[in-house]
Amino acid sequence: MPIMGTKGVQHLAETATRRREGARRIVVPVEGMTCAACVARVERAIKRLPGVVDARVNLASARAGLELAPGGPTLAEIARAVEEAGYQVPLTSQTFRLRPGGPSLDSLAEKLLALEGVAGAEVDADACTVTVRFLPDIVSAARVRRHLETMGYRAEGGEEAEDALERERAARRAEVRRQLLNLLIAWPLGLLVMLGTFRDYWLLPHVVPEFMGHKLFLFALTTPIVLGPARQFFIKSVRGLLHGTADMNLLYATGIGAAYLIAVVNTFWPEAGFGGERATFYEAAALLTAFVVLGRYLEALTRGRASEAIRRLLQLQPRRARVLRDGREVEVPADEVVVGDICLVRPGEAVPVDGVVVEGRSAVDESLVTGESLPVEKGPGYRVIGGSVNRAGSLRVRATQVGRDTVLAQIVRLVEEAQAGRAPIQRLADWVAGHFILGVHLLALGVFAFWFFAGYERWFTPETRLLMSPYTLAEMGVFGFAMLMSVAVLVISCPCAVGLATPAAIMAGSGIAARHGVLFKGAEAMEALARVQAVVLDKTGTLTRGRPSVTDVVPVPGRSREEVLALAAAAERDSEHPLAEAVLAAAREEGLEVARADSFQALPGQGVEAWVDGRTLLLGNRTLMAERGIALDGLLAEAERLEGEGKTAVFLAVDARPAGLLAVADTLKENAAAAVAALKALGLEVAMLTGDNRRTAEAIARRLGIDQVLAEVLPQDKAAAVRQLQQQGKRVAMVGDGINDAPALAQADVGIAMGAGTDIAKEAGHVVLVRDDPMDVATAVETARFTLRKVKQNLAWAFGYNALALPIAAGVLYPLTHQVVSPELAALLMALSSLSVSLNSAAMNGWRPPAKRETST
């Protein structure tokens with residue numbers, strides 16, 4: 001439709017899940033985190049900074065969502081706090097050449113720090129250069145260069161830094177390559193160690209040379225594994241201890257180190273009491289490392305897929321744009337397009353920025369941005385969204401929103417914020433994961449003490465065997481046996497599964513939603529929507545198109561149809577209500593002259609009052625006429641008939657006497673009835689909220705299949721209507737699209753703002769629907785429920801695995817089975833546990849909301 005302004009809802013502060021008044025929200029990437037203990041450490045480091053309102057770190061997305069008070073910490077201070085905790089904020093450094101003749105360079109560094117996203121600047125006055133350290137996720141190199149130019153400096157160079165997509169992809173590939181190299185070292189050597197260890201069993205003596213079973217040969221093979229692939233765990237655990245915390249790497253380092261040291265002691269000092277020369281657990285240290293590295297490698301692969309949603313969105317953003325500068329067509333980086341530039345878009349090209357078509361006509365494919373499957377016809381005056389694809393003719397587009405203000409940038413920012421958020425269901429998991437490492441070490445110490453002081457003497461038998469190992473532990477002493485049990489406890493525990501259970505699923509779910517034009521403003525909104533019991537749909541603009549038209553004009557005896565319509569149009573001429581547009585449009589279509597009112601007053605929820613050519617005109621509903629004492633006896637029967645057809649009756653009075661009535665009807669949206677049916681199929685109670693009289697409202701509700709109608713509700717009473725449902729013990733979602741819906745959206749447990757268009761960032765809702773399609777409400781609910789279901793599956797597996805594995809590793813079943821969990825089996829189970837959570841979340845990407853499946857068939 002032509003540009004008429006979008007139906008964005010004004011921002012509301014002071015709601016439970018929205019930003020606090022005056023605070024700003026940013027998302028900062030953090031590198032180096034491996035488990036939930038890392039998350040807790042980074043959060044504590046950031047929260048200690050003055051001015052930090054809230055900090056939520058997400059392990060799966062490797063991002064920190066920060067809420068900062070006015071005057072809060074700078075990016076440099078945040079990066080320094082993260083680095084002091086042992087992690088890194090990946091900053092980019094760019095050098096700009098400054099041509100002579102500009103302002104003094106003395107305070108340039110301080111001025112640059114005022115630009116959000118800049119962490120530092122170094123000025124070289126002799127070379128006339130400035131090197132800027134910044135976070136490309138927040139500010140681009142082009143924006144830094146423009147900022148320099150606005151300060152009077154003529155800046156050159158500073159080619160555009162690698163974009164967020166490429167940086168994230170490069171970092172993931174580097175991690176995959178690093179773990180693959182470790183894998184290629186650990187597994188071949190580990191398998192040789194295993195063959196040498198088991199050389200005396202089965203058919204191996206006939207195929208494995210005798211020297212491979214020698215302890216010194218096994219020592220020579222295992223040492224490179226411990227000093228190579230396993231080195232990362234020792235370095236990171238020491239780094240963590242130096243910062244006063246323990247993480248998953250400490251568990252790995254303790255398990256691998258203990259198994260290796262016991263093997264070395266029993267190789268060179270077999271009489272030391274650690275089990276003798278037959279209890280050399282080289283294969284345990286080698287295979288433990290191999291399994292952990294395998295888990296890290298597979299996690300690196302799956303975590304990359306979990307962030308697929310943001311990568312897909314970033315891929316939509318064109319890198320270059322053709323613009324008219326001084327009458328010439330020039331090609332520039334898309335980041336350098338400024339508001340007001342005229343962009344040239346040829347067939348098959350992507351629109352570089354948000355804008356308005358000034359010349360040309362074409363069909364534009366917005367499916368990748370809004371989820372709208374069919375191309376949308378565009379012509380002069382129509383809005384286009386950056387990232388959408390021009391299918392047919394050439395277009396000239398005037399840029400209206402660029403950089404971080406484009407729809408695509410806002411969507412990416414909202415998805416990042418949602419993925420950096422934390423769902424309430426995650427609180428228990430976070431608490432457990434944050435204390436897990438210390439708890440497991442204490443448990444391992446307790447297990448060691450039990451078997452050392454009591455268990456070994458009471459239950460140990462020479463026939464004791466290790467699972468996955470063929471030999472017995474007949475010669476193992478009390479210290480070695482107790483150490484073996486405690487190492488198994490350390491290795492088999494899996495805090496990663498607990499820490500990843502919720503964020504990995506939230507990441508995947510928010511990505512699925514974004515692909516279908518549904519944006520969750522935080523993980524809390526997603527969980528809240530999954531739990532709602534009732535949905536309240538505002539009628540106008542949500543179920544109907546919001547563009548009513550006059551269908552009937554009924555004059556009283558003595559007045560003509562044209563006179564009633566002309567007077568009604570004169571009364572509505574200065575009104576901005578949709579009904580006013582309908583009345584004026586009807587008058588113009590019939591060629592009637594519309595007089596200008598001498599004065600005008602809007603009466604919210606009732607109608608309007610105007611004075612035209614010395615006459616007092618009232619145009620409104622029954623309530624207005626009743627308050628002014630105007631009898632409608634001759635018009636009521638006709639009004640009831642029209643209202644029974646689902647039309648809205650508007651009465652006209654001239655000088656306190658009835659003059660006629662107009663019937664106005666709003667067309668239902670194509671998918672409105674199907675959307676209501678889909679919501680009911682989900683077990684939700686559906687109600688319609690409208691300011692229309694009850695007869696009209698019930699007629700529309702019958703056509704839609706809605707049983708509960710909240711009619712004749714004034715704009716200021718919409719929030720009270722939602723509150724009334726909540727007082728019945730129901731969790732309520734409110735769906736609206738207008739400014740007067742904002743209080744109701746804030747009152748609801750979940751506010752869903754529909755038809756955001758290009759005003760995504762201004763929406764008051766906890767959930768934003770990019771399109772005007774009511775079926776997206778069902779899509780949002782289905783996606784939220786699917787995601788919460790996956791979260792529960794992940795949490796059940798993570799807690800269930802640890803609850804079962806830890807007691808078995810501690811030896812609860814040993815008195816009955818006389819078998820002990822081998823360290824390598826513990827490592828395998830641990831890796832599989834963490835991997836299962838990642839794979840279960842990554843598999844979500846193939847899911848499609850049922851509501852979308854039905855509408856596409």
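Guide: Before we start, helices (H or I, at least four residues) and strands (E, at least two) are DSSP runs here, numbered from the N terminus. What you're looking at is a predicted model: local features need pLDDT of at least 70, side-chain atom pairs count only at pLDDT 80 or more, and totals for chains, interfaces and linings use all residues. Residues are numbered from 1 along each chain as its sequence is written, while side-chain values use heavy atoms, with hydrogens and water left out.

Visitor: Which helix is Gly509 in?

Guide: Gly509 is buried at 0% relative accessible area (buried is under 20%, exposed over 50%, partly exposed in between, with a 1.4 Å probe and protein chains only). Its contacts outside four places in sequence are Met526, Thr783, Thr787 and Met844. The run that holds Gly509 covers residues 495–515, and that's helix H16.

Visitor: How far apart are the C-alpha atoms of Gly509 and Met844?

Guide: Met844 is one of the contacts of Gly509. The two are 335 residues apart along the chain, but their C-alpha atoms are separated by 7.3 Å.

Visitor: How many disulfides does the structure hold?

Guide: A disulfide is a covalent bond between the sulfur atoms of two cysteines. To count here, those sulfur atoms have to be within 2.5 Å. Cys38 is buried at 0%, and Cys343 is buried at 1%. As for disulfides, the count is zero.

Visitor: And salt bridges, how many?

Guide: Side chains of opposite charge can pair when their charged atoms come close. The cut-off for a salt bridge is a side-chain nitrogen of Lys or Arg within 4 Å of a carboxyl oxygen of Asp or Glu. By that rule the structure holds 28.

Visitor: What's the N to O distance between Arg24 and Glu116?

Guide: Arg24 is partly exposed at 31%, and so is Glu116, at 39%. Their side chains meet in a salt bridge, N to O, at 3.0 Å. Arg24 is in strand S1 and Glu116 in the loop between helix H3 and strand S5, so the bridge ties together parts 92 residues apart in sequence. The distance itself is 3.0 Å.

Visitor: Which helix holds Glu640, the partner of Arg695?

Guide: Arg695 and Glu640 form a salt bridge, with the closest N and O atoms 3.9 Å apart. Arg695 lies in helix H24, so the pair ties together parts 55 residues apart in sequence, and Glu640 lies in helix H22.

Definitions and conventions: Contact = heavy atoms within 4.5 Å.
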